Amino acid sequence: MSARDLEARVAAAWADRGRLADPEVRAAVLEAVRGLDRGELRVADKVDGEWRVEAWLMRAVNLYFAVAGIEVHQYGPFEVRDKVPLKGDLEAAGVRVVPGAVVRHGAYVAPGAVIMPGFVNIGARVGRGSMVDTWATVGSCAQVGDNVHLAGGVGIGGVLEPPGARPNIVEDGCFIGSRCILVEGVLVEEEAVLGANVVITASTPIVDVTGREEVVHRGRVPARSVVIPGNRAKAFPAGTFQVPCALIVGKRSASTDRKTSLNQALREFEVQG
C-alpha cells in the first residue's frame, strides 16, 4: 500500500471513527505505524531548510491506540500490559539498547544510536550516532537528529495534538545538557549547546545577550548557540518577580570535529553539562 493510500485511509478514519471497523482501514493505521518504526515514514522532515510536519502520521499514531488492544507481554522476568509493544529486531537495526531502556514500537532508532536506561516513545525518531543518556525521555513524535547527545534526565516532550503541530525537534550535532526540558514544539537548530537545567517552552524568552542589545527568540534556538538558564524581571499586579528565561551567551565555533568544538564551548562559556 503506497503512502498516499495509507494517508487517504487514515484521513477517512480520522473523519469518521466508525471507519476503523473496516479491516483495510485498520490495516492502514497499523502499517503507517510500522512505517514509522522502520524509518520509512517520519512525522516531520526538513525540506528546503524548513521543517514540514506530516499531520496524517500524527493522526495515525492517535488512531493506533484505538485499534491496538491491550496485551500482556513477557520480557524476561518482567511483565507489561499495554497497547504498544516494545521495539523489536534491534540487532538487525544496528542499535544498542542498554538494560532498563524502553523503546516502543513505532519509534525509529537509526544505526549506531545508543539508548541508555531512558524512554523513546511511539512516533519518535533518533538519528545515527546519537546518545539518549540515562533517564532521558524522547516523547511522542519528537525528532532527534544525528550525533546528538541527550544528557542524563533530559525531557523532550511529546506532541500528538493537534495533528500538524510541530513536534519538538533537536537537529544534528546538538548537545542537550542534564535535566534540560523541551516542550510545546521547540526547535533546537544544528550544533547548539544547551547547558544543564535549561527549560524551553513555546513562550520562553530565548535571549541573545552577546550583542549591544538583546535579541529575543521564542520556540527556536538558533544554530550553534550556547545556551544557559537565566531569569528576567517581569511586572505583575502584585509586584515585580523573576521569571525563567534562556540566555544565549555565545556561539559554538564552526569545526569539522564537532566533539572538539563542543568541549571548547563548554570550557569557554563555563557551561555545565
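This passage describes selected local features of a predicted model.

The cysteines are considered at the outset. With a disulfide taken as a pair of cysteine sulfur atoms within 2.5 Å, the count in the model comes to 0 disulfides. C174 takes part in no disulfide, since the cysteine sulfur nearest to it, that of C180, is 11 Å away, whereas the cut-off is 2.5 Å. C245 is likewise in no disulfide; here the nearest cysteine sulfur is again that of C180, at 14 Å. Both residues can also be described by their accessibility. C174 has a relative accessible area of 2% and is therefore classed as buried, the limit being under 20%. C245, with a relative accessible area of 5%, is buried as well.

Attention then turns to H105, which is placed in the loop between strand 6 (102-103) and strand 7 (108-109). Although H105 belongs to a loop, its relative accessible area is 15%, so the residue counts as buried under the 20% limit. The surroundings of H105 can be listed residue by residue. When neighbours within four places in sequence are set aside, H105 is in contact with V33, R34, D37, Y64, V84, P85, L86, K87 and I122. With one of these residues, D37, a polar contact is formed: the side chains of H105 and D37 are joined at 3.3 Å.

The largest pocket of the model was examined next. Its space amounts to about 360 Å³. The lining consists of 15 residues, and those lying nearest the centre of the pocket are Y75, F78, L86, A101 and V102. L86, named here among the residues nearest the pocket centre, is also one of the contacts of H105. Among the structural elements, strand 4 (residues 78-82) contributes the most to the lining, with 3 residues.

The peptide bond leading from E161 to P162 is cis, with omega near -5°. P162 itself is situated in the loop between strand 15 (155-156) and strand 16 (169-170). For N147, phi is near 55°, and the residue lies in the loop between strand 13 (143-144) and strand 14 (149-150). The relative accessible area of N147 is 45%, which means that this residue is partly exposed, as the value falls between the limits of 20% and 50%. For E184, phi is near 65°; the position of E184 is in the loop between strand 18 (181-182) and strand 19 (187-188).

Apart from neighbours within four places in sequence, the residues in contact with A233 are T240, F241 and Q242. The position of A233 can also be related to that of G112. These two residues are separated by 121 residues in sequence, and the distance between them in space is 44 Å, taken from C-alpha to C-alpha.

Terms used. Residues numbered from 1 in each chain as written. Predicted model: local features only at pLDDT ≥ 70, side-chain atom pairs only at ≥ 80, totals over all residues. Heavy atoms only, no water. Buried < 20%, exposed > 50% of the residue type's maximum accessible area, 1.4 Å probe, protein only. Helix = DSSP H or I, 4+ residues; strand = E, 2+ residues; numbered from the N terminus. Polar contact = N/O pair within 3.5 Å; in protein donor to acceptor, adjacent residues only side chain to side chain. Contact = heavy atoms within 4.5 Å. 1 Å grid on protein atoms, 1.4 Å probe; cavity = no way out; pocket = protein on both sides within 12 Å on 5 of 7 lines; lining within 4 Å. Points joined across faces, edges and corners; volume = space filled by probe spheres on them.
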